[in-house]
Amino acid sequence: MKGKFIVIEGIDGSGKTTLARRIAEAVGGAELTFEPTRGAIGQALRSGAYGDIPPAAEALLFAADRAIHTEEIKKKLDSGVWVICDRYLGSTVAYQSASFGDAADWDWLLSMQSKSVITPDLTILLDMDPEASLGRVNSRGEELSRFEKLDFLRKVREAYLRLADILDYEVVDASEPPDAVAEKVLKIMEGKGLHAPQ
Ligand code: TYD
């Protein structure tokens, strides 16, 4: 694969979209994408069309959306394009483990995705206190979804930090201003030899 694959993870309101744009600018253009996708499964997950389903079903649907998305990402990387993805496999482990709430499911959430994902060149975890991130989301005037509840997001944050240890995520303090966050991330990229494509 010739292009580089960069993933940004973090709780709702942590500034993933802003950072993705900054990175794309810095590397002189990259394909920005996100999950859940705009595909049939992703759209249905977003709209709540599946209704109140068991956490395992939800996890499998997010993973199926990702499996299809991964094929598209691979094609882009093969053609030399850099891809920056807002959420990837870590979102399912962090959010759905927060819904399940026990360690056995954590292993399953990782293993059931193992054949349908690729390893990113870099995963950035934008870490911040959910109280602060919820403040940001509220100030954008967005409706509070069931995902955006404080206690839940605390569990998600914990899971993300645990995952960061296991999967070598680069943890960046997202409570700082967007410019400072972007600067830190660009330094990390430089350190990893992730330079702008020619
Ligand atoms: P997203 O559109 O990224 O929300 P936001 O822009 O507010 O961060 O994702 C929608 C919600 O879906 C978000 O609360 C996280 C959740 N989600 C999961 O629970 N599991 C997953 O695998 C993914 C990709 C998202």
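**Ligand shell and local backbone features**

Arg87 is buried (under 20% relative accessible area, against over 50% for exposed and partly exposed in between, with a 1.4 Å probe and protein chains only), its relative accessible area being 11%. The model is a predicted one, in which local features need pLDDT of at least 70 and side-chain atom pairs count only at pLDDT 80 or more, whereas totals for chains, interfaces and linings use all residues. Residues are numbered from 1 along each chain as its sequence is written, and side-chain values use heavy atoms, with hydrogens and water left out.

Arg87 has a phi near 80°, a positive value in a residue other than glycine, and is placed in the loop between strand E3 (83-86) and H4, helices (H or I, at least four residues) and strands (E, at least two) being DSSP runs numbered from the N terminus. Asp168 likewise has a positive phi, near 60°, in the loop between helix H7 (150-167) and strand E5 (170-173), but counts as exposed at 63% relative accessibility.

Around the ligand there are 14 residues (a heavy atom within 4 Å), of which Asp12, Arg46, Arg87, Thr92 and Gln96 come nearest. Among the polar contacts (pairs of N or O atoms within 3.5 Å), an oxygen atom of the ligand lies 2.5 Å from a side-chain N or O atom of Thr92, and a ligand nitrogen atom is 2.9 Å from such an atom in the side chain of Gln96. Helix H3 (55-78) and helix H4 (89-100) are the elements that give two or more residues to this shell, with H4 giving the most, 4 residues.

Note on methods
Polar contact = N/O pair within 3.5 Å; in protein donor to acceptor, adjacent residues only side chain to side chain.
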